[in-house]
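Q: Hi, could you walk me through a few local features of this one?
A: Happy to, here it is.

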Amino acid sequence: ITYDGSGGATAANGIIIYIDGAVVASTATNNASYVAMENTANVLQFGAESNTGAKTVFFKGDFTPPIIDKGYVWTATDIVRFHKAMKLVYRLR
């Protein structure tokens, strides 16, 4: 998933979802009262969903290591290149 860092009422338009290096068709759900894509009240967590602070739903299957690349939104070419490299790394293990 990439996010271009935009905020405001159309912030979800800056989110792109990829699976196995390919863009997944999705529909942005925006909220006119949305201010920013940050939450300083909770710890960042990967691999689980939480609505109450407790990890309630764990994701199944392989999970590519997350990368936070502040200041640059990856292109589809970047994503495909990274996905191919990760597949190679996992095959070598």
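Q: Where does Ile15 lie?
A: Ile15 is part of strand 2, residues 15–16. Strands (E, at least two residues) and helices (H or I, at least four) are DSSP runs, numbered from the N terminus.

Q: What should I know about the model itself?
A: This is a predicted model: local features need pLDDT of at least 70, side-chain atom pairs count only at pLDDT 80 or more, and totals for chains, interfaces and linings use all residues. Residues are numbered from 1 along each chain as its sequence is written, and side-chain values use heavy atoms, leaving out hydrogens and water.

Q: Is Ile15 buried, exposed or partly exposed?
A: Ile15 is partly exposed, at a relative accessible area of 31%. Buried means under 20%, exposed over 50%, and partly exposed in between (1.4 Å probe, protein chains only).

Q: Switching topic, how many salt bridges are there?
A: The count is 1 salt bridge, meaning a side-chain nitrogen of Lys or Arg within 4 Å of a carboxyl oxygen of Asp or Glu. Arg81 pairs with Asp78, with the closest N and O atoms 3.8 Å apart.

Q: How are those two placed in helix 1?
A: Arg81 and Asp78 are 3 residues apart in helix 1, so about one helical turn separates them. The helix covers residues 76–92.

Q: And which is Arg81, buried or exposed?
A: Arg81 counts as exposed because its relative accessibility is 55%, whereas Asp78 counts as buried at 17%.
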